[in-house]
Amino acid sequence: MTIGDITPKKERKSRRSKHVVDDKAPLLPKRQDEDSGYDEFNGASFTGAVFNLSTTIVGAGIMALPATMKVLGLILGIAMIIFMAFLTDASIEFLLRFSRAGKTTSYGGLMGDAFGKYGRIFLQICVLVNNIGVLIVYMIIIGDVLSGTSSSGVHHAGVLEGWFGEHWWNGRTFVLIVTTLGIFSPLACFKRIDSLRFTSALSVALAVVFLVITVGIAIVKLISGTIMMPRLLPDVTDLSSFWKLFTVVPVLVTAYICHYNVHSIDNELEDSTQIKPVVRTALALCSTVYIMTSFFGFLLFGDATLDDVLANFDTDLGIPYSSLLNDAVRVSYAAHLMLVFPIVFYPLRLNMDGLLFPSARPLALSNMRFAFITAGLITVIFLGANFIPSIWDAFQFTGATAAVCLGFIFPAAITLRDRHFIATKKGKFLALFMIVVAVFSNLVAIYSDAYALLKKNSGTGLRA
(Lines give C-alpha, C1' and ligand atoms only; values in the text may rest on other atoms or scores of the structure.)
Protein backbone atom coordinates (compact mmCIF):
# COMPACT_ATOMS: atom_id res chain seq x y z
CA MET A 1 0.00 0.00 0.00
CA THR A 2 1.68 3.16 -1.19
CA ILE A 3 0.29 6.54 -0.33
CA GLY A 4 0.65 8.70 -3.37
CA ASP A 5 -2.28 10.84 -4.48
CA ILE A 6 -3.71 11.61 -1.07
CA THR A 7 -2.68 15.03 0.20
CA PRO A 8 -3.15 16.08 3.78
CA LYS A 9 -5.74 18.69 4.56
CA LYS A 10 -3.53 20.17 7.27
CA GLU A 11 0.18 20.70 7.47
CA ARG A 12 1.23 18.32 10.21
CA LYS A 13 3.37 15.27 10.73
CA SER A 14 0.86 12.46 10.34
CA ARG A 15 0.63 9.15 8.54
CA ARG A 16 -1.26 10.84 5.69
CA SER A 17 1.95 12.41 4.42
CA LYS A 18 4.26 9.50 5.12
CA HIS A 19 5.49 7.28 2.29
CA VAL A 20 5.43 3.55 3.00
CA VAL A 21 8.39 1.59 1.71
CA ASP A 22 7.48 -2.00 2.57
CA ASP A 23 3.81 -2.21 1.77
CA LYS A 24 3.34 -5.85 2.75
CA ALA A 25 5.28 -5.88 5.99
CA PRO A 26 3.41 -7.02 9.09
CA LEU A 27 2.44 -4.63 11.85
CA LEU A 28 1.45 -2.19 9.14
CA PRO A 29 -2.11 -1.12 9.76
CA LYS A 30 -3.59 0.79 6.88
CA ARG A 31 -4.54 4.40 7.55
CA GLN A 32 -8.25 3.87 7.81
CA ASP A 33 -9.14 7.22 6.28
CA GLU A 34 -7.83 5.97 2.93
CA ASP A 35 -10.87 3.77 2.60
CA SER A 36 -14.32 5.23 2.22
CA GLY A 37 -15.70 2.79 4.75
CA TYR A 38 -13.67 4.44 7.52
CA ASP A 39 -14.10 8.12 6.73
CA GLU A 40 -15.33 8.79 10.26
CA PHE A 41 -11.94 7.82 11.75
CA ASN A 42 -9.83 10.95 12.24
CA GLY A 43 -6.94 9.46 14.15
CA ALA A 44 -6.39 7.95 17.57
CA SER A 45 -6.25 10.10 20.68
CA PHE A 46 -3.24 10.50 22.94
CA THR A 47 -5.08 8.97 25.90
CA GLY A 48 -6.29 5.96 23.92
CA ALA A 49 -2.77 5.32 22.62
CA VAL A 50 -1.34 5.47 26.17
CA PHE A 51 -3.89 2.96 27.45
CA ASN A 52 -3.31 0.59 24.53
CA LEU A 53 0.46 0.65 24.99
CA SER A 54 0.15 0.33 28.78
CA THR A 55 -2.10 -2.71 28.37
CA THR A 56 0.45 -4.25 26.02
CA ILE A 57 3.10 -3.83 28.74
CA VAL A 58 1.16 -4.88 31.84
CA GLY A 59 0.21 -8.49 31.25
CA ALA A 60 0.87 -11.49 33.45
CA GLY A 61 4.41 -10.39 34.27
CA ILE A 62 3.24 -8.00 36.97
CA MET A 63 2.60 -10.97 39.27
CA ALA A 64 6.25 -12.09 39.13
CA LEU A 65 7.71 -8.72 40.17
CA PRO A 66 7.18 -8.93 43.97
CA ALA A 67 9.30 -12.10 43.98
CA THR A 68 12.18 -10.14 42.45
CA MET A 69 12.14 -7.94 45.56
CA LYS A 70 12.62 -11.06 47.67
CA VAL A 71 15.83 -11.80 45.77
CA LEU A 72 17.19 -8.28 45.18
CA GLY A 73 15.79 -6.42 48.16
CA LEU A 74 13.60 -3.32 47.86
CA ILE A 75 16.31 -0.79 47.00
CA LEU A 76 18.05 -2.74 44.25
CA GLY A 77 14.78 -4.23 42.99
CA ILE A 78 13.04 -0.88 42.54
CA ALA A 79 16.20 0.59 41.00
CA MET A 80 16.24 -2.24 38.42
CA ILE A 81 12.57 -1.67 37.53
CA ILE A 82 13.32 2.01 36.86
CA PHE A 83 16.51 1.15 34.93
CA MET A 84 14.68 -1.30 32.66
CA ALA A 85 12.03 1.36 31.93
CA PHE A 86 14.75 3.73 30.69
CA LEU A 87 16.41 0.95 28.67
CA THR A 88 13.05 0.09 27.07
CA ASP A 89 12.50 3.75 26.21
CA ALA A 90 15.92 3.81 24.51
CA SER A 91 15.18 0.67 22.49
CA ILE A 92 11.83 2.06 21.29
CA GLU A 93 13.60 5.32 20.44
CA PHE A 94 15.93 3.29 18.19
CA LEU A 95 12.93 1.78 16.40
CA LEU A 96 11.22 5.12 15.86
CA ARG A 97 14.37 6.96 14.75
CA PHE A 98 15.32 4.38 12.12
CA SER A 99 11.69 4.02 11.02
CA ARG A 100 11.60 7.74 10.26
CA ALA A 101 14.93 7.57 8.43
CA GLY A 102 13.86 4.58 6.32
CA LYS A 103 10.28 5.87 5.87
CA THR A 104 8.89 2.58 7.18
CA THR A 105 5.75 2.34 9.29
CA SER A 106 6.09 -1.15 10.73
CA TYR A 107 8.52 -3.18 12.80
CA GLY A 108 8.61 -5.75 10.02
CA GLY A 109 9.27 -3.08 7.41
CA LEU A 110 12.10 -1.73 9.54
CA MET A 111 13.71 -5.15 9.88
CA GLY A 112 13.28 -5.65 6.15
CA ASP A 113 14.90 -2.28 5.49
CA ALA A 114 17.89 -3.17 7.67
CA PHE A 115 18.35 -6.88 6.97
CA GLY A 116 16.23 -7.69 3.92
CA LYS A 117 13.49 -10.25 3.43
CA TYR A 118 14.88 -12.79 5.90
CA GLY A 119 15.20 -10.20 8.63
CA ARG A 120 11.52 -9.37 8.21
CA ILE A 121 10.52 -13.05 8.25
CA PHE A 122 12.59 -13.67 11.38
CA LEU A 123 10.79 -10.76 13.07
CA GLN A 124 7.42 -12.22 12.05
CA ILE A 125 8.31 -15.62 13.47
CA CYS A 126 9.45 -14.11 16.77
CA VAL A 127 6.17 -12.18 17.11
CA LEU A 128 4.20 -15.36 16.37
CA VAL A 129 6.16 -17.44 18.88
CA ASN A 130 6.06 -14.77 21.58
CA ASN A 131 2.43 -13.76 21.21
CA ILE A 132 0.96 -17.23 20.74
CA GLY A 133 2.89 -18.35 23.81
CA VAL A 134 1.76 -15.36 25.84
CA LEU A 135 -1.90 -15.79 24.87
CA ILE A 136 -1.88 -19.52 25.64
CA VAL A 137 -0.38 -18.77 29.06
CA TYR A 138 -3.06 -16.10 29.63
CA MET A 139 -5.79 -18.61 28.80
CA ILE A 140 -4.23 -21.21 31.11
CA ILE A 141 -4.09 -18.68 33.97
CA ILE A 142 -7.70 -17.62 33.38
CA GLY A 143 -8.77 -21.27 33.51
CA ASP A 144 -6.76 -21.84 36.70
CA VAL A 145 -8.25 -18.79 38.42
CA LEU A 146 -11.87 -19.39 37.47
CA SER A 147 -12.08 -23.19 37.40
CA GLY A 148 -9.16 -24.33 39.52
CA THR A 149 -6.15 -26.50 38.83
CA SER A 150 -4.60 -29.73 40.08
CA SER A 151 -0.90 -30.32 40.59
CA SER A 152 0.97 -33.12 42.38
CA GLY A 153 -2.35 -34.67 43.34
CA VAL A 154 -3.55 -31.52 45.10
CA HIS A 155 -6.59 -29.65 43.75
CA HIS A 156 -6.75 -25.87 44.09
CA ALA A 157 -10.34 -24.70 43.75
CA GLY A 158 -11.14 -21.94 41.29
CA VAL A 159 -13.28 -18.92 42.10
CA LEU A 160 -16.43 -20.30 40.45
CA GLU A 161 -16.00 -23.68 42.11
CA GLY A 162 -15.56 -21.97 45.47
CA TRP A 163 -18.74 -19.94 44.99
CA PHE A 164 -21.09 -22.52 43.47
CA GLY A 165 -19.50 -25.90 44.06
CA GLU A 166 -18.33 -28.32 41.39
CA HIS A 167 -20.60 -28.39 38.33
CA TRP A 168 -20.20 -29.18 34.62
CA TRP A 169 -20.77 -25.54 33.68
CA ASN A 170 -17.89 -24.22 35.78
CA GLY A 171 -15.45 -26.84 34.58
CA ARG A 172 -12.28 -25.59 32.92
CA THR A 173 -13.07 -26.46 29.29
CA PHE A 174 -16.62 -25.08 29.35
CA VAL A 175 -15.54 -21.85 31.08
CA LEU A 176 -12.80 -21.28 28.49
CA ILE A 177 -15.22 -22.01 25.63
CA VAL A 178 -17.62 -19.37 26.97
CA THR A 179 -14.75 -16.92 27.54
CA THR A 180 -13.38 -17.50 24.05
CA LEU A 181 -16.73 -17.12 22.27
CA GLY A 182 -18.15 -14.38 24.50
CA ILE A 183 -15.08 -12.18 25.14
CA PHE A 184 -11.99 -13.06 23.11
CA SER A 185 -13.67 -13.51 19.72
CA PRO A 186 -15.75 -10.28 19.74
CA LEU A 187 -12.80 -8.17 20.92
CA ALA A 188 -10.49 -9.78 18.36
CA CYS A 189 -12.78 -8.66 15.51
CA PHE A 190 -11.83 -4.98 15.67
CA LYS A 191 -9.75 -3.91 12.69
CA ARG A 192 -8.20 -0.86 14.38
CA ILE A 193 -6.17 -1.07 17.55
CA ASP A 194 -7.63 2.28 18.62
CA SER A 195 -11.04 0.58 18.87
CA LEU A 196 -9.68 -1.25 21.93
CA ARG A 197 -8.88 1.93 23.86
CA PHE A 198 -11.84 1.57 26.25
CA THR A 199 -11.17 -2.08 27.06
CA SER A 200 -7.50 -1.17 27.50
CA ALA A 201 -8.44 1.59 29.95
CA LEU A 202 -10.57 -0.92 31.87
CA SER A 203 -7.69 -3.41 31.83
CA VAL A 204 -5.33 -0.86 33.37
CA ALA A 205 -8.03 0.02 35.92
CA LEU A 206 -8.32 -3.66 36.92
CA ALA A 207 -4.55 -3.82 37.44
CA VAL A 208 -4.92 -0.77 39.67
CA VAL A 209 -7.75 -2.54 41.57
CA PHE A 210 -5.34 -5.36 42.38
CA LEU A 211 -2.78 -2.77 43.48
CA VAL A 212 -5.27 -0.88 45.68
CA ILE A 213 -6.39 -4.11 47.41
CA THR A 214 -2.76 -5.11 48.02
CA VAL A 215 -1.92 -1.65 49.40
CA GLY A 216 -5.00 -1.67 51.61
CA ILE A 217 -4.23 -5.10 53.08
CA ALA A 218 -0.59 -4.13 53.67
CA ILE A 219 -1.59 -0.90 55.47
CA VAL A 220 -4.10 -2.74 57.69
CA LYS A 221 -1.51 -5.36 58.65
CA LEU A 222 1.13 -2.64 59.12
CA ILE A 223 -1.13 -0.79 61.58
CA SER A 224 -1.84 -4.02 63.45
CA GLY A 225 1.90 -4.69 63.70
CA THR A 226 1.86 -8.05 61.91
CA ILE A 227 4.25 -7.03 59.12
CA MET A 228 8.00 -7.32 59.51
CA MET A 229 10.46 -4.82 58.09
CA PRO A 230 11.17 -5.89 54.48
CA ARG A 231 14.70 -6.58 53.36
CA LEU A 232 16.23 -3.55 51.64
CA LEU A 233 19.30 -5.20 50.08
CA PRO A 234 20.00 -8.69 48.71
CA ASP A 235 21.10 -11.38 51.13
CA VAL A 236 24.37 -12.64 49.64
CA THR A 237 26.12 -15.15 51.89
CA ASP A 238 27.82 -17.51 49.44
CA LEU A 239 28.39 -18.11 45.73
CA SER A 240 25.04 -19.84 45.31
CA SER A 241 23.11 -16.87 46.70
CA PHE A 242 25.15 -14.56 44.45
CA TRP A 243 24.18 -16.47 41.31
CA LYS A 244 20.57 -16.50 42.46
CA LEU A 245 20.51 -12.72 41.98
CA PHE A 246 20.71 -13.23 38.22
CA THR A 247 17.64 -15.48 38.07
CA VAL A 248 15.40 -12.39 38.23
CA VAL A 249 17.03 -10.81 35.17
CA PRO A 250 14.65 -12.47 32.63
CA VAL A 251 11.61 -11.22 34.59
CA LEU A 252 12.90 -7.64 34.59
CA VAL A 253 14.11 -7.69 30.97
CA THR A 254 10.73 -8.87 29.64
CA ALA A 255 8.62 -6.68 31.98
CA TYR A 256 8.22 -3.85 29.45
CA ILE A 257 8.06 -5.72 26.13
CA CYS A 258 5.59 -3.80 23.94
CA HIS A 259 7.66 -3.11 20.83
CA TYR A 260 5.50 -5.14 18.45
CA ASN A 261 2.59 -2.73 19.01
CA VAL A 262 4.45 0.59 18.91
CA HIS A 263 4.19 1.04 15.13
CA SER A 264 0.53 -0.03 15.06
CA ILE A 265 -0.32 2.60 17.66
CA ASP A 266 1.90 5.20 15.98
CA ASN A 267 0.24 4.64 12.60
CA GLU A 268 -3.20 5.43 13.97
CA LEU A 269 -2.22 8.58 15.86
CA GLU A 270 -3.62 11.73 14.29
CA ASP A 271 -0.29 13.46 14.96
CA SER A 272 2.70 11.13 14.72
CA THR A 273 4.89 13.49 16.77
CA GLN A 274 2.87 12.35 19.81
CA ILE A 275 4.29 8.82 19.77
CA LYS A 276 7.33 9.64 21.95
CA PRO A 277 5.23 11.28 24.68
CA VAL A 278 2.81 8.34 24.39
CA VAL A 279 5.64 5.85 24.95
CA ARG A 280 7.10 7.75 27.89
CA THR A 281 3.72 8.30 29.53
CA ALA A 282 2.88 4.60 29.21
CA LEU A 283 6.28 3.59 30.60
CA ALA A 284 5.90 6.03 33.50
CA LEU A 285 2.40 4.71 34.27
CA CYS A 286 3.49 1.07 34.11
CA SER A 287 6.64 1.76 36.15
CA THR A 288 4.52 3.31 38.88
CA VAL A 289 2.19 0.29 38.93
CA TYR A 290 5.18 -2.09 38.88
CA ILE A 291 7.01 -0.34 41.71
CA MET A 292 3.97 -0.10 43.97
CA THR A 293 2.93 -3.70 43.26
CA SER A 294 6.46 -4.93 43.97
CA PHE A 295 6.86 -2.84 47.10
CA PHE A 296 3.51 -3.59 48.74
CA GLY A 297 3.42 -7.21 47.55
CA PHE A 298 6.81 -7.88 49.15
CA LEU A 299 5.88 -5.80 52.20
CA LEU A 300 2.72 -7.89 52.65
CA PHE A 301 4.18 -11.37 52.20
CA GLY A 302 7.91 -10.86 52.90
CA ASP A 303 10.07 -13.94 52.39
CA ALA A 304 6.88 -15.98 51.88
CA THR A 305 6.31 -14.17 48.54
CA LEU A 306 5.87 -16.81 45.85
CA ASP A 307 7.17 -16.61 42.25
CA ASP A 308 3.60 -15.81 41.21
CA VAL A 309 2.23 -13.52 43.93
CA LEU A 310 -1.32 -14.42 42.88
CA ALA A 311 -0.75 -17.77 44.60
CA ASN A 312 -0.27 -15.90 47.88
CA PHE A 313 -3.89 -14.80 47.63
CA ASP A 314 -5.04 -18.43 47.83
CA THR A 315 -4.52 -18.55 51.61
CA ASP A 316 -5.83 -16.84 54.73
CA LEU A 317 -4.51 -13.26 54.82
CA GLY A 318 -5.05 -12.92 58.53
CA ILE A 319 -7.53 -10.03 58.28
CA PRO A 320 -11.35 -9.74 58.21
CA TYR A 321 -13.02 -10.59 54.88
CA SER A 322 -9.86 -12.40 53.76
CA SER A 323 -11.77 -14.80 51.49
CA LEU A 324 -13.69 -11.94 49.84
CA LEU A 325 -10.48 -9.98 49.19
CA ASN A 326 -8.76 -13.06 47.79
CA ASP A 327 -11.62 -13.60 45.36
CA ALA A 328 -11.65 -9.90 44.38
CA VAL A 329 -7.93 -10.04 43.55
CA ARG A 330 -8.24 -13.23 41.53
CA VAL A 331 -11.35 -12.16 39.60
CA SER A 332 -9.94 -8.70 38.80
CA TYR A 333 -6.72 -10.30 37.58
CA ALA A 334 -8.55 -12.82 35.36
CA ALA A 335 -10.66 -9.99 33.91
CA HIS A 336 -7.50 -7.94 33.35
CA LEU A 337 -5.95 -10.77 31.29
CA MET A 338 -9.16 -11.17 29.27
CA LEU A 339 -8.88 -7.52 28.21
CA VAL A 340 -5.14 -7.76 27.51
CA PHE A 341 -5.83 -10.65 25.11
CA PRO A 342 -7.06 -8.60 22.09
CA ILE A 343 -4.17 -6.11 22.36
CA VAL A 344 -1.60 -8.91 22.12
CA PHE A 345 -3.69 -10.71 19.49
CA TYR A 346 -3.75 -7.69 17.15
CA PRO A 347 -0.07 -7.82 16.00
CA LEU A 348 -0.19 -11.62 16.03
CA ARG A 349 -2.88 -11.61 13.34
CA LEU A 350 -1.06 -9.02 11.22
CA ASN A 351 2.17 -11.00 11.30
CA MET A 352 0.45 -14.26 10.45
CA ASP A 353 -1.15 -12.51 7.48
CA GLY A 354 2.28 -11.21 6.45
CA LEU A 355 3.68 -14.74 6.45
CA LEU A 356 0.77 -16.48 4.71
CA PHE A 357 -0.27 -13.77 2.24
CA PRO A 358 2.77 -11.52 1.66
CA SER A 359 1.46 -10.17 -1.66
CA ALA A 360 -2.20 -9.70 -0.77
CA ARG A 361 -3.99 -6.40 -0.25
CA PRO A 362 -4.17 -4.95 3.29
CA LEU A 363 -5.82 -7.29 5.78
CA ALA A 364 -8.40 -4.69 6.86
CA LEU A 365 -9.84 -4.69 3.33
CA SER A 366 -10.37 -8.46 3.10
CA ASN A 367 -13.12 -9.62 5.43
CA MET A 368 -12.76 -13.28 4.45
CA ARG A 369 -9.00 -13.35 5.09
CA PHE A 370 -9.46 -11.39 8.30
CA ALA A 371 -12.08 -13.87 9.58
CA PHE A 372 -10.07 -16.90 8.46
CA ILE A 373 -6.87 -15.84 10.24
CA THR A 374 -8.71 -14.63 13.36
CA ALA A 375 -10.69 -17.86 13.74
CA GLY A 376 -7.64 -20.02 13.00
CA LEU A 377 -5.40 -18.32 15.55
CA ILE A 378 -8.03 -18.30 18.31
CA THR A 379 -8.64 -22.02 17.69
CA VAL A 380 -4.91 -22.79 17.92
CA ILE A 381 -4.61 -20.82 21.17
CA PHE A 382 -7.67 -22.52 22.67
CA LEU A 383 -6.46 -26.02 21.74
CA GLY A 384 -2.95 -25.25 23.01
CA ALA A 385 -4.25 -24.06 26.38
CA ASN A 386 -6.60 -27.03 26.87
CA PHE A 387 -5.08 -30.11 25.26
CA ILE A 388 -1.28 -29.75 25.25
CA PRO A 389 -0.19 -30.18 28.89
CA SER A 390 3.51 -29.52 28.30
CA ILE A 391 3.05 -26.43 26.14
CA TRP A 392 3.78 -24.06 29.04
CA ASP A 393 7.19 -25.71 29.51
CA ALA A 394 7.94 -25.29 25.80
CA PHE A 395 7.04 -21.60 25.78
CA GLN A 396 9.18 -20.94 28.83
CA PHE A 397 12.14 -21.52 26.51
CA THR A 398 10.93 -20.06 23.21
CA GLY A 399 8.94 -17.21 24.74
CA ALA A 400 11.84 -15.75 26.70
CA THR A 401 14.08 -15.90 23.64
CA ALA A 402 11.53 -14.33 21.28
CA ALA A 403 10.62 -11.58 23.77
CA VAL A 404 14.16 -10.35 24.30
CA CYS A 405 14.78 -10.44 20.54
CA LEU A 406 11.75 -8.21 19.96
CA GLY A 407 12.53 -5.88 22.86
CA PHE A 408 16.27 -5.43 22.69
CA ILE A 409 18.26 -7.56 20.25
CA PHE A 410 16.43 -6.43 17.08
CA PRO A 411 16.39 -2.68 17.93
CA ALA A 412 20.07 -2.88 18.89
CA ALA A 413 20.97 -4.83 15.73
CA ILE A 414 19.16 -2.24 13.58
CA THR A 415 21.17 0.51 15.26
CA LEU A 416 24.49 -1.29 14.79
CA ARG A 417 23.59 -2.03 11.15
CA ASP A 418 23.00 1.73 10.75
CA ARG A 419 21.87 1.50 7.16
CA HIS A 420 21.08 5.24 7.00
CA PHE A 421 24.23 6.38 8.86
CA ILE A 422 22.39 8.19 11.62
CA ALA A 423 23.59 6.24 14.68
CA THR A 424 25.82 8.02 17.18
CA LYS A 425 28.71 6.46 19.09
CA LYS A 426 26.66 6.68 22.25
CA GLY A 427 23.76 4.94 20.51
CA LYS A 428 25.97 2.13 19.24
CA PHE A 429 27.50 1.63 22.67
CA LEU A 430 24.02 1.45 24.19
CA ALA A 431 22.97 -1.01 21.48
CA LEU A 432 25.93 -3.27 22.35
CA PHE A 433 24.97 -3.07 26.01
CA MET A 434 21.38 -4.06 25.16
CA ILE A 435 22.57 -7.12 23.26
CA VAL A 436 24.80 -8.20 26.15
CA VAL A 437 21.93 -7.80 28.64
CA ALA A 438 19.50 -9.62 26.33
CA VAL A 439 21.84 -12.55 25.61
CA PHE A 440 22.71 -12.88 29.29
CA SER A 441 19.01 -12.81 30.15
CA ASN A 442 18.33 -15.55 27.62
CA LEU A 443 21.09 -17.78 28.94
CA VAL A 444 19.91 -17.35 32.53
CA ALA A 445 16.29 -17.96 31.57
CA ILE A 446 17.11 -21.10 29.57
CA TYR A 447 19.35 -22.46 32.33
CA SER A 448 16.88 -21.78 35.14
CA ASP A 449 13.92 -23.17 33.14
CA ALA A 450 15.87 -26.28 32.13
CA TYR A 451 17.04 -26.83 35.72
CA ALA A 452 13.49 -26.42 37.08
CA LEU A 453 12.11 -28.78 34.43
CA LEU A 454 14.75 -31.44 35.10
CA LYS A 455 14.18 -31.13 38.85
CA LYS A 456 10.43 -31.47 38.34
CA ASN A 457 10.83 -34.53 36.12
CA SER A 458 13.33 -36.19 38.48
CA GLY A 459 10.94 -35.60 41.38
CA THR A 460 8.11 -37.18 39.40
CA GLY A 461 10.33 -40.14 38.52
CA LEU A 462 11.28 -40.70 42.17
CA ARG A 463 7.62 -40.68 43.24
CA ALA A 464 6.81 -43.18 40.51
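This is a predicted model: local features need pLDDT of at least 70, side-chain atom pairs count only at pLDDT 80 or more; totals for chains, interfaces and linings use all residues.
**Entry 1: Asp353**

Leaving aside its neighbours within four places in sequence, I found Asp353 in contact with Pro358, Leu363, Arg369 and Ile373. Asp353 itself belongs to helix α12, which covers residues 322-356.

**Entry 2: α6 against α12**

I stayed with α12 and turned to its packing with helix α6, residues 172-188. The two axes come within 9 Å and cross at roughly 50 degrees. That angle makes α6 oblique to α12. I noted the crossing of α6 past α12 as right-handed.

Which residues meet in this pair of helices? From α6 I listed Thr179, Ile183, Phe184, Leu187 and Ala188. From α12 I listed Met338, Leu339, Phe341, Pro342, Phe345 and Arg349. By class, the contact of α6 with α12 holds nine nonpolar residues, one polar residue and one charged residue.

I kept one general point beside this list. An α-helix has 3.6 residues a turn, so residues three or four places apart point the same way.

**Entry 3: α4 against α13**

Next I examined helix α4 (residues 107-147) and helix α13 (residues 367-387). Their axes lie 9 Å apart, and the helices pack at an angle of about 55 degrees. This makes α4 oblique to α13. Here too I recorded the handedness: α4 passes α13 in a right-handed crossing.

On the α4 side, the contact is made by Ile132, Leu135, Ile136, Met139 and Ile140. On the α13 side, I found Leu377, Ile381, Phe382, Gly384, Ala385 and Asn386. The residues of the contact of α4 with α13 divide into nine nonpolar, two polar and no charged.

**Entry 4: Cysteines**

How many disulfides does the model contain? The count comes to zero. Since a disulfide is a pair of cysteine sulfur atoms within 2.5 Å, I checked two cysteines against that limit.

Cys126 is in no disulfide, and the nearest cysteine sulfur, that of Cys405, is 4.6 Å away. Cys126 counts as buried, at 7% relative accessibility. Cys258 is likewise in no disulfide; the nearest cysteine sulfur to Cys258 belongs to Cys286, 7.9 Å away. Cys258 is buried, and its relative accessible area is 0%.

**Entry 5: Helix α10**

I then looked at helix α10, residues 259-268. I found that 10 of its 10 residues are buried, so α10 is largely enclosed by the rest of the structure. The buried residues of α10 include His259, Tyr260, Val262, Ile265 and Glu268. Asp266 and Asn267 are also among them.

**Entry 6: Positive phi angles**

Lys103 is one of them, with a phi of about 55 degrees. I placed Lys103 in the loop between α3 (74-102) and α4. Is Lys103 buried, exposed or partly exposed? At 46% relative accessibility, Lys103 counts as partly exposed.

Asp418 has a positive phi of about 45 degrees, although Asp418 is not a glycine. I located Asp418 in the loop between α14 (391-417) and α15 (425-463). I recorded Asp418 as buried, with a relative accessibility of 7%.

Terms used
Residues are numbered from 1 along each chain as its sequence is written. Side-chain values use heavy atoms; hydrogens and water are left out. Buried means under 20% relative accessible area, exposed over 50%, partly exposed in between (1.4 Å probe, protein chains only). Helices (H or I, at least four residues) and strands (E, at least two) are DSSP runs, numbered from the N terminus. Contact means heavy atoms within 4.5 Å. Axes are lines fitted to C-alpha atoms, for helices over the stretch in contact, and angles run from 0 to 180 degrees between N-to-C directions. Angles under 35 degrees count as roughly parallel, over 145 as roughly antiparallel, 65 to 115 as roughly perpendicular and the rest as oblique. A crossing is left-handed if the near helix is turned anticlockwise from the far one by less than a right angle, and right-handed if clockwise. Ala, Val, Leu, Ile, Met, Phe, Trp, Tyr, Cys and Pro count as nonpolar, Asp, Glu, Lys and Arg as charged, and the others, Gly among them, as polar.
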